[in-house]
Every structure is written in C-alpha cells, then in structure tokens.
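Me: I would like to learn how to read a model like this one. Please take me through it feature by feature.

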Amino acid sequence: MDVDDGDAGLELVHLLRRITGRMDLMGSEFAAANGLHPTDLRALIHLLDARREGYAATPGWLSGKLALNSASVTALVDRLVRAGYVRRTRDNRDRRRVLLGVQEEAVRLGWAFFGGVITDMVAAMREFDGAELAVARRFLERMYDVVRADKPTDPTVRLLPLDEATTERLLTVAVHEARPIDVMPPVPDGEVWTPAAENAFREFHRAHFEGARGTLMYAVEAGGSLTGMIRMARLSPDEAETGMWLGRSARGKGIGTAALKALVTEAAAAGVRLIVADTTTGNAAALGALRTCGATLTNHGDDVRAELPIS
Ligand SMILES: CC(C)(COP(=O)(O)OP(=O)(O)OC[C@H]1O[C@@H](n2cnc3c(N)ncnc32)[C@H](O)[C@@H]1OP(=O)(O)O)[C@@H](O)C(=O)NCCC(=O)NCCS
C-alpha cells in the first residue's frame with residue numbers, strides 16, 4: 001500500500017513519533033542522571049509492567065522484549081541485580097525456571113521518572129469522555145500491534161493432548177499467567193489461586209483426558225513452551241465448539257491464531273465440518289483470530305457467534 005503526503009493517518013504517525021521521541025529523550029536524561037544504560041531503563045520498565053499486569057517475567061521473556069540475545073540479557077540482569085533494582089528467584093513450581101522480580105527501589109525509581117508525567121497525562125485525559133477514551137485505547141493498541149518487536153510472523157505451534165504430566169505443566173502456566181476464572185468453570189473466589197482451585201483445575205482437565213465426554217483438550221506449545229489451552233467439544237458428528245486461553249505474556253503474538261489453525265486441521269481430520277465459538281464484541285483478539293481463520297461472525301448484542309466452516 002502506498003502512503004501519500006495528504007494521507008490523514010500520516011499526520012497521526014508524526015504525532016506519535018513526537019510523543020515517543022520526547023519520552024525517549026526524557027528516559028535517556030533520567031538514565032544518565034542515575035548511572036543507568038538506556039537499555040537497563042527499558043528493561044526496568046518492562047519488569048515494572050510485568051509486575052503491574054501480574055505475569056511472571058523470565059530472562060527469556062525479557063530478551064524477547066528487548067530483542068537482545070541471552071548473553072546480553074544475563075549481563076544486563078547482573079547489572080540490575082548489583083544495583084539493587086532486580087532479584088532473581090527460582091520458580092517454586094518449576095525449579096528450572098528463573099523468575100525476575102523488581103525491588104522496591106526500582107518501583108521508587110520508576111515513579112521518580114514517570115510520576116510527574118503520568119499524573120499530567122491522566123489529568124489531561126479527564127478532558128475526554130469514556131467513549132472517546134475507548135476509541136483512543138483501540139487506536140493505540142492497534143498501533144502498538146503494528147510496531148511491536150516481539151511479534152513473530154508465524155509462530156510454530158503444536159497441540160499436545162492433555163495427560164497428567166502436561167496438565168501439571170499447564171497448571172504452572174495458569175497459576176502464573178491467568179486467573180482461575182479464565183481457565184475453567186467458576187470455582188468459589190475465582191479471582192485467586194488456592195490449593196482447592198488448583199485441584200479443581202486438575203479434576204476438570206482429567207475429566208476430559210482422551211476426549212472423554214466428547215471434548216478433546218490440548219495444551220498449546222509455542223517455541224518449546226506451554227502457553228495455554230484450546231479445546232474441541234463435539235456437538236454432533238459434523239459440528240464442534242471451540243474455546244481457548246493463553247497466558248498473559250503469550251497473548252498478541254499470533255499464537256492464538258496459529259493454535260486455532262492447528263485445531264481446524266485436527267477437526268478436519270476427525271470429520272468435523274463446522275466449528276462454532278462464542279465470544280463478545282469486546283474481545284478483539286478472539287475476534288481477530290476467528291476472522292483470520294475464516295469464521296463468519298454474527299452479533300447478538302454484546303455476544304458474538306462465530307461459525308467456521310471446514311471445506
Ligand atoms: C483470545 C486469545 C486466545 C487470542 O490469542 P492471541 O495469541 O492473543 O491472538 P493473536 O496474537 O493470534 O491475534 C489475533 C488477532 O487479534 C488481534 N489482537 C491481538 N491482541 C489484540 C488486542 N489486545 N487488541 C486488539 N487486537 C488484538 C491481532 O492483531 C490479530 O489480528 P489480525 O489477525 O487482524 O492481525 C488470547 O488473547 C487470550 O487467551 N485471551 C484471554 C482469554 C480469552 O479471551 N479467550 C477467548 C474466550 S472467547
């Protein structure tokens with residue numbers, strides 16, 4: 001597609017560049033004043049975001065965010081640990097996994113850098129009403145999706161039928177990267193993980209091993225790691241229903257779309273002619289994945305029914 005000088009979008013691109021340029025400059029000045037390398041500051045910002053959004057940050061995840069190789073990330077994390085901003089811990093559930101956490105000092109530093117500008121930006125946003133802010137949010141998310149560095153063009157995904165061992169690995173992902181309510185039928189206090197919720201997760205998945213009760217459940221593996229689950233529930237010999245979830249750090253990288261494509265291949269091999277799914281108008285990622293895989297979407301108020309014929 002060509003872009004010409006009169007394109008209205010081009011002006012917005014220039015404005016976005018001015019904002020990011022200005023914030024980059026502020027970041028560099030702040031990093032220099034605090035004896036940090038600019039990349040160290042970027043790493044701290046990603047780690048603070050991970051803490052706020054509640055997902056487990058690992059060195060591998062950070063190297064994806066910064067587009068650095070693992071040796072450079074090790075050196076960078078060493079620097080941040082020495083400076084007292086970051087700590088390494090072992091994951092209690094998977095002892096091979098190292099988790100990165102920010103120290104209170106980094107939170108203080110982050111606020112010293114961003115506090116003033118965040119306060120001013122939030123105050124300026126009060127000039128807009130809810131609907132306007134919703135459009136701004138959709139616009140910015142779409143622009144971020146275009147520029148994000150860690151978006152693989154076509155991630156390789158494998159669907160692994162669930163068994164005891166895979167369910168246990170999947171539970172580790174769920175506990176770190178999702179809420180109980182996102183990954184299984186509601187349990188009491190579905191916002192937080194408790195031993196009872198973990199057992200309910202095991203029981204729920206066990207009940208569908210090997211397609212029992214007409215539902216096949218698969219762990220979604222991408223880049224060698226488990227990232228979430230996708231299911232195929234048989235409604236009739238010709239028709240199946242699907243649904244899926246991914247851990248927070250795996251979302252928005254094309255994995256959901258790739259998993260759905262892989263499920264369509266499995267379904268076709270099993271003689272299914274139509275896949276259906278239910279979602280909502282606000283779930284842009286689910287709608288995008290379904291649309292890309294060829295589904296027809298029909299709105300019923302806030303609910304959306306997707307129908308994906310298999311030829
Ligand atoms: C829904 C879900 C499985 C989709 O998987 P995903 O890997 O995040 O999605 P993808 O990266 O494959 O993106 C699919 C499409 O949505 C778009 N998209 C992804 N994240 C988006 C976001 N936050 N906002 C807007 N669009 C988004 C992508 O650009 C892509 O569109 P395109 O095909 O036009 O490029 C995943 O986001 C998830 O687990 N969400 C939480 C649980 C959930 O909502 N499950 C579905 C219940 S119906």
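The dialogue below goes through confidence, strands, salt bridges and cores.

Me: What kind of model is this, and which conventions apply?

Reply: This is a predicted model, where local features need pLDDT of at least 70, side-chain atom pairs count only at pLDDT 80 or more, and totals for chains, interfaces and linings use all residues. Residues are numbered from 1 along each chain as its sequence is written, and side-chain values use heavy atoms, with hydrogens and water left out.

Me: How do I read the confidence, and where is it lowest and highest?

Reply: pLDDT is the predictor's confidence in each residue, from 0 to 100. Here the protein averages 89, and 96% of the residues score at least 70. Helices (H or I, at least four residues) and strands (E, at least two) are DSSP runs, numbered from the N terminus. Confidence is lowest in helix 3 (residues 59–66), with a mean of 82. It is highest in strand 6 (residues 239–246), at 97.

Me: How do I read strand pairing, and which way do strand 4 and strand 5 run?

Reply: Two strands pair if DSSP finds at least two bridges between them. Strand 4 (residues 215–222) and strand 5 run antiparallel, joined by eight bridges. Ala 219 faces Met 229 of strand 5 across this pair. The two strands form a hairpin with two residues between them. In that turn, Gly 223 has a positive phi of about 55°.

Me: What happens between strand 5 and strand 6?

Reply: They also pair in the antiparallel sense, over seven bridges. Met 232 stands opposite Thr 242 of strand 6. This hairpin has four residues between its strands.

Me: Why is strand 5 described as largely enclosed?

Reply: Burial goes by relative accessible area: buried is under 20%, exposed is over 50%, and partly exposed lies in between (1.4 Å probe, protein chains only). Seven of the ten residues of strand 5 (residues 225–234) are buried, so the rest of the structure largely encloses it.

Me: How do I read salt bridges, and how many are there?

Reply: Look for a side-chain nitrogen of Lys or Arg within 4 Å of a carboxyl oxygen of Asp or Glu. The whole structure has 14 of them. One joins Glu 221 and Arg 158, at 2.9 Å from N to O. That pair links distant parts of the chain, with Glu 221 in strand 4 and Arg 158 in strand 3 (residues 157–161), 63 residues apart. Glu 221 is buried at 12% relative accessibility, whereas Arg 158 is partly exposed at 47%.

Me: Which strands does the pair of Arg 231 and Glu 241 link?

Reply: Their side chains meet in a salt bridge at 2.8 Å, N to O. Arg 231 lies in strand 5 and Glu 241 in strand 6, ten residues apart. Arg 231 is partly exposed, at 25%. Glu 241 is buried, at 16%.

Me: How do I read a nonpolar core, and how many residues has the largest?

Reply: In soluble globular proteins, nonpolar side chains tend to be buried together. A core is a set of buried Ala, Val, Leu, Ile, Met, Phe, Trp, Tyr and Cys residues joined through side-chain atoms within 4.5 Å. The largest here has 26 residues. Val 157, Leu 159, Val 220, Ile 230 and Ile 275 have the most contacts inside it. Its largest share, seven residues, comes from helix 10. A second, separate core has 25 residues, including Leu 36 and Leu 109.

Me: What does Ile 230 touch?

Reply: Contact means heavy atoms within 4.5 Å. Not counting residues up to four places away in sequence, the partners of Ile 230 include Leu 159, Val 220, Met 244 and Leu 263.
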